[in-house]
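Open the model in your viewer and follow the stops below in order. Each one says what to select and what is there.

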Amino acid sequence: MLDATEATHAAQVTDTSDTAATTARSDRADDASAPTIASLAPRADFPILAREINGKPLAFLDSAASAQKPAAVLDAMNHFARTSYANIHRGAYTLSEEATRAYERARKNVAKFINARSARELIFTRNTTESINLVARTWAEANLRPGDALLLTEMEHHSNIVPWQLAAQRVGAEVFYTPVTDEGELDLAAYEALLERHTPKLVAVTQMSNVLGTLTPLPELIAKAHAVGALVLVDGAQGAPHLPVDVRALDCDFYAFSGHKMLGPSGIGALWGRAELLEAMPPFMGGGDMIREVTLAGATWNDLPWKFEAGTPAIVEAVGLGAAVDYLRQLGMERVHAHEQALTTYALERLRAIPGLTIYGPPAERRGGVISFTLGDIHAHDLATLLDREGVAVRAGHHCAQPLMERLQVAATARASFYVYTTSAEVDTLAEALERARAIFAL
Ligand SMILES: Cc1ncc(COP(=O)(O)O)c(C=O)c1O
């Protein structure tokens, strides 16, 4: 586990033994002018990063899909499962009380991480998708009327589009979309015009595009939405793992995120919502734990947050997410963002030098550590397969953002994404592997 001194050290040094091995693979290793960006977190904390893939050291560049987990998270889950596991909120015995305390401690920790006023406002879900569906079912059911409008954007992940389309279909509401500019950013003039014209009941917007890395101007978007009376749901799937998040300062109304993208396990995510909104919303799923009393004639609901947590939750995974949050807090979220921006600046510079490579999205200062690209007319899947042969793991496809791909007029892209363990040497490996792909395809 990383302590504060190690974290500071990891951020300050420009070349560590962790990165030395991968640096040696770079043809720029001898180039004194080439910057070397060490990983922010010690690479040794992530056991999987020691793997070889196809005989090459793994360069894992797919953290936007799911991040690797540090030993601290794996160990916390293992220890809890071995020593304190039992079902929670039910048993009047010591082990169950211990497990309940661990689960609720994790909730407090995650709530604090995003600066929620209270842990009551933090509902554990399976992932961002379930968090958004929860609001699109319960809030929408109670508040949307025929003819009402919802405003999304063209750059949303399917999980921030489809639940709203379903909600709109159920009540006869309409869904509108803020367009994306050629630079891959939101068209703010169009956003304002859509707000004025349709006075939506709710705006749902991502904090960072999972395809383009675009950071959306949330404070401005939220203030303008509130000015016309709209609530704002922020899709924080790519925000919470990479940026300092303060839901109170942001002044949003709902914030959804996933554990598996922020060094935690899959199967656990969270929805934060303003207490008064959550209080007024009907429950999501019915079952155990979410009720106060059940009779054959009906039921009454438990207090927040349990009203929205029906059935046995992901107990071990919640403990794992708590440990992930501890790990990120020790690294410091400002430094996580700065590390990824430095890597992105470097990667954009290296990749731009590759003939035939098209990069999508805004400049480094307005994006996070995600770079989507195409190389000549090589299909993104073929490109990803060639990169895999070199040990480089990137995602290829439409990235669950088909409307955005249509806007970009591209069927699929390859996408490299960075996190706390990524080094500039891995970016070099990517660039070299792309050069080899060019040679293979005689581009
Ligand atoms: C921006 C964004 N929103 C939502 C999601 C959905 O996350 P999950 O699959 O964890 O529910 C993702 C996952 O890639 C994403 O990148």
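A residue is called buried here if 20 or more other C-beta atoms lie within 10 Å of its own. The model is predicted.

Start with strand E7, residues 202-206. Are its residues buried or exposed? In E7, 5 of the 5 residues are buried, so the strand is largely enclosed by the rest of the structure. Show the side chains: Leu202, Ala204 and Thr206 point one way, while Val203 and Val205 point the other way. In a regular strand, side chains alternate between the two faces of the sheet.

Strand E5, residues 149-153, runs parallel to E7 and is joined to it by 2 bridges. Select Leu151 to find its bridge partner in E7, Val203. Strand E8, residues 231-235, is also parallel to E7, with 5 bridges between them. Here Leu202 has Leu231 in E8 as its bridge partner.

Now move to two helices. Select H3 (residues 71-83) and H11 (residues 315-331), whose axes come within 8 Å and cross at roughly 145°. The crossing is right-handed. Which residues of H3 meet H11? They are Ala72, Val73, Ala76, Met77, Phe80 and Ala81, and they meet Val316, Val319, Gly320, Ala323, Ala324 and Tyr327 in H11. Of the residues in this contact, 11 are nonpolar, 1 is polar and none is charged.

Finally, zoom out to the whole chain. The chain has 15 helices and 17 strands. Its radius of gyration is 22 Å, close to the 22 Å that the globule rule gives for 443 residues, so the chain is as compact as a globular protein of that length. Of these 443 residues, 49% count as buried.

How values were computed:
Residues are numbered from 1 along each chain as its sequence is written. This is a predicted model: local features need pLDDT of at least 70, side-chain atom pairs count only at pLDDT 80 or more; totals for chains, interfaces and linings use all residues. Helices (H or I, at least four residues) and strands (E, at least two) are DSSP runs, numbered from the N terminus. The radius of gyration is taken over C-alpha atoms; the globule rule is 2.2 Å times the number of residues to the power 0.38. A residue is buried if 20 or more other C-beta atoms lie within 10 Å of its own, exposed if 12 or fewer, and partly exposed in between; C-beta atoms are placed from the backbone. Axes are lines fitted to C-alpha atoms, for helices over the stretch in contact, and angles run from 0 to 180 degrees between N-to-C directions. A crossing is left-handed if the near helix is turned anticlockwise from the far one by less than a right angle, and right-handed if clockwise. Two residues are in contact if their C-beta atoms, placed from the backbone, lie within 7 Å. Ala, Val, Leu, Ile, Met, Phe, Trp, Tyr, Cys and Pro count as nonpolar, Asp, Glu, Lys and Arg as charged, and the others, Gly among them, as polar. Two strands pair if DSSP finds at least two bridges between them.
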